[in-house]
Amino acid sequence: MRVLVLQHIACEPPGVVEDVLHERGAELHRVELDEGQALPEWRDVDAIVAMGGPMSVNDDAELPWLTAEKRAIGEAVRARTPYWGVCLGVQLLAASLDALVYPGPEPEVGLLPVQITAAGRDDPVFAGLADDLVTLQWHGDTFDLPHGSTLLASSPAYANQAFRFERAYGVQFHLEVSPEMAREWAAVPEYVASLERTLGAEGAPAFLASIAERAEEMRAAGRALFERWLDRVVAQERVLDASSRV
């Protein structure tokens, strides 16, 4: 299984998602777009994983590689290439499908629950998750649902927390993060500013401590979710692709 990993900052690797891929013997092609690495041909991979980052999907003027990335994602998911997007990754998915991405009313930061929708409870990937799932939230932008997509999870502050389009899935929240990763995030100026605007200067240490306390619980949910996507989306697509070549 060949997987293209799109990273947008070094401190946001796939975490437990990468652990699962290595356990499954996947061949990872990691591209750090913010470092100027070239976007490869998406037709050469079996799946795409897109992670988070401090930038907005609308920062094309400052970061022109975003334009090419969104175009490639749109082409890939419309061609039914399995896609898994996290935080910025879900916003890239929405934008690539011609939906608006824009600042929310205020940043959503903390260990906060999301509610699985009725469609999510019937979804082959999201079925079986707790109805109120504890997640790590750390974002300020939100998005409209693309035409033809299905809403899978919501929160009181941000209605669109996860959606599906064809074989593409995106989640606004984080379940892949270790305590070590969260501490690295706290050294990124854009992330620190987000924390201070939302939690105050004194709130960051307590927030990071809460991540350490709940990390294994969240990572277990993230592992289960990603494994179901591999089993019920990626594996199925590979079978269909193989049968079409016979």
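Author: In this predicted model, a cavity is a set of grid points where a 1.4 Å probe fits but cannot get out, and by this rule the count comes to two cavities of 30 Å³ or more.

Reader: What makes the lining of the largest cavity nonpolar, polar or charged by class?

Author: The largest cavity holds about 80 Å³ of space, and its lining includes Val16, Trp84, Phe173, Glu176 and Gly222. Because Val, Trp and Phe count as nonpolar, Glu as charged and Gly as polar, the lining divides by class into nine nonpolar, two polar and one charged residues. Helix H1 (16–23), strand S4 (83–86) and H7 each supply at least two of the lining residues, and the largest share, three residues, comes from H7.

Reader: Which residues line the second largest cavity, and what is its make-up by class?

Author: This cavity, with about 40 Å³ of space, is lined by Leu4, Leu6, Leu39, Pro40, Trp42, Ile48, Glu69, Ala72 and Ile73. Since Glu counts as charged while Leu, Pro, Trp, Ile and Ala count as nonpolar, the lining comes to eight nonpolar, no polar and one charged residues. The largest share, three residues, is supplied by H2.

Reader: Why is the contact between Asp46 and Arg2 called a salt bridge?

Author: The side chains of Asp46 and Arg2 meet with N to O at 3.3 Å, and because the rule asks for a side-chain nitrogen of Lys or Arg within 4 Å of a carboxyl oxygen of Asp or Glu, the pair qualifies. Asp46 lies in the loop between strand S2 (27–32) and strand S3 (47–50), and Arg2 in strand S1 (residues 2–7), so the pair ties together parts that are 44 residues apart in sequence.

Reader: How do you know whether Asp46 and Arg2 are buried or partly exposed?

Author: Asp46 has a relative accessible area of 16%, and because buried means under 20%, Asp46 is called buried. Arg2, at 38%, falls between that cut-off and the 50% above which a residue is exposed, and therefore counts as partly exposed.

Conventions. Residues are numbered from 1 along each chain as its sequence is written. This is a predicted model: local features need pLDDT of at least 70, side-chain atom pairs count only at pLDDT 80 or more; totals for chains, interfaces and linings use all residues. Side-chain values use heavy atoms; hydrogens and water are left out. Helices (H or I, at least four residues) and strands (E, at least two) are DSSP runs, numbered from the N terminus. Buried means under 20% relative accessible area, exposed over 50%, partly exposed in between (1.4 Å probe, protein chains only). On a 1 Å grid over the protein atoms alone, a cavity is a set of points where a 1.4 Å probe fits but cannot get out, and a pocket is an open set with protein on both sides within 12 Å along at least five of seven lines; lining residues have an atom within 4 Å of a point. Grid points are joined across faces, edges and corners, and a volume is the space filled by probe spheres set on the points.
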